[in-house]
Amino acid sequence: MNNEKMIIIGAGAAGLVAAIISARAGGRVTLLEQNRKVGKKILVSGNGKCNIDNRYINLNRFHSQNPSFIEKVLEGYGFEVIEKFFTSIGLELVEGKEGKIFPMSLQASSVAELLEYEAKRVGVEIICDCTVTGIEKEDDIFKVETSQGTKACDKLLITSGSPAAPQLGGNNSGYAFATKMGHSLIPRHPSLVQLCSEESWVKACAGVKVAGVAKLYANGEYITEKKGDLLFTNYGISGLAILDLSREVSTRLANFDYCELSLDLIPTLSKEKLTNLLLGRVQKGSEKPIELWLQGVINKKLIKIILKQSKCKSRIESDLNRKEINKLVHTIKNLKLSINNTKGFKGAEVATGGIDTTEVNPQTMESKLVPNLYFAGEILDVDGDRGGFNFHFAWVCGLRVGDST
């Protein structure tokens with residue numbers, strides 16, 4: 001029987017799993033949560049369906065300044081291990097597109113409520129509406145100052161997340177406690193976030209959604225590209241392809257790079273096929289306005305900006321020749337949009353950066369600087385791609401802490 005007392009700050013994904021595993025092994029665990037309910041981020045994930053994991057765990061879907069740490073943390077903890085844990089608390093899983101894993105109920109509340117029930121069943125004390133205001137270590141005991149009094153423990157796990165989604169309780173408190181105890185931080189930036197533009201034309205296109213490809217250029221240099229939905233908005237652009245690009249954009253903007261997107265609005269057709277399609281549509285003698293003619297292939301709201309960027313001189317259909325069509329095709333497949341900002345941490349699902357992982361043991365998640373101090377989840381300098389990868393890392397962290405305490 002383990003008689004050591006453990007306090008966990010943050011009843012999110014990593015905190016709940018660590019509490020359950022540790023308590024199952026006989027540990028005395030108290031879980032402190034600043035919100036009124038546990039698992040607030042779990043409840044809103046995946047549009048309420050909770051994309052809980054991904055079947056195809058690959059190291060290149062995770063990011064950190066210390067990639068070897070991720071490799072060591074995830075080693076031996078593939079999707080099957082996570083599936084076994086959730087089966088043990090009574091949650092059945094189903095697979096969606098791209099290996100995305102969801103609860104069979106397709107309700108995020110199922111995940112949060114079953115985790116909470118299991119934690120309480122194995123004896124975890126859960127205290128909600130409890131804000132931690134300070135941490136001190138005296139001899140071998142941690143003194144945790146909270147809005148509900150001072151609490152003491154032998155082991156302390158900080159899994160208080162990042163500043164992403166402050167409306168759900170995201171904040172910098174865990175970083176402040178960590179740095180006070182000697183830990184270093186890697187700069188944090190918003191990720192999986194919408195992008196902003198000062199260009200006025202996007203407002204006129206707000207609400208238009210296309211399946212396209214977004215290429216990122218920084219200071220004129222090609223960086224990367226992502227395929228998926230592109231959603232034009234009043235402030236700039238969103239959509240799955242944009243969220244996938246946003247990590248790189250955030251980092252580049254923080255370095256004061258000039259960022260520009262090149263958008264392919266019809267990626268299903270090559271340049272040659274689109275050119276031939278448009279050439280084949282031209283009717284000799286037709287006086288159909290070019291704006292109306294283009295509505296046969298592209299969203300009406302996008303046509304004015306395509307004509308402007310392409311510098312197409314034709315005004316009616318019969319004026320079109322190969323040269324003018326080449327201009328149109330080039331712009332349809334390379335529409336330019338400058339990016340000057342992101343929607344910040346409020347719009348972000350996760351944050352890059354965090355506690356420097358060179359100071360953390362990847363086998364146990366214990367601090368290398370302060371004995372019996374542990375970190376798990378998003379507070380660390382690890383973030384994953386969209387599609388269940390961030391949750392996977394959090395669950396694995398929780399399992400490792402629970403197994404080692």
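**Salt bridges along the chain**

Mentor: Asp383 counts as buried, since its relative accessibility is 0% (buried means under 20% relative accessible area, exposed over 50% and partly exposed in between, with a 1.4 Å probe and protein chains only). This is a predicted model, in which local features need pLDDT of at least 70 and side-chain atom pairs count only at pLDDT 80 or more, while totals for chains, interfaces and linings use all residues. Residues are numbered from 1 along each chain as its sequence is written, and side-chain values use heavy atoms, leaving out hydrogens and water.

The side chain of Asp383 meets that of Arg247 in a salt bridge of 2.7 Å, N to O (a side-chain nitrogen of Lys or Arg within 4 Å of a carboxyl oxygen of Asp or Glu). Arg247 belongs to helix α8 and Asp383 to strand β24, so this pair ties together parts 136 residues apart in sequence (helices, H or I, of at least four residues and strands, E, of at least two are DSSP runs numbered from the N terminus). Arg247 is partly exposed, at 22% relative accessibility.

Arg61 is partly exposed, with 30% relative accessibility. Lys100 and Glu98 also meet through their side chains, at 3.8 Å from N to O; here Lys100 is buried at 17% relative accessibility, whereas Glu98 is exposed, its relative accessible area being 59%.
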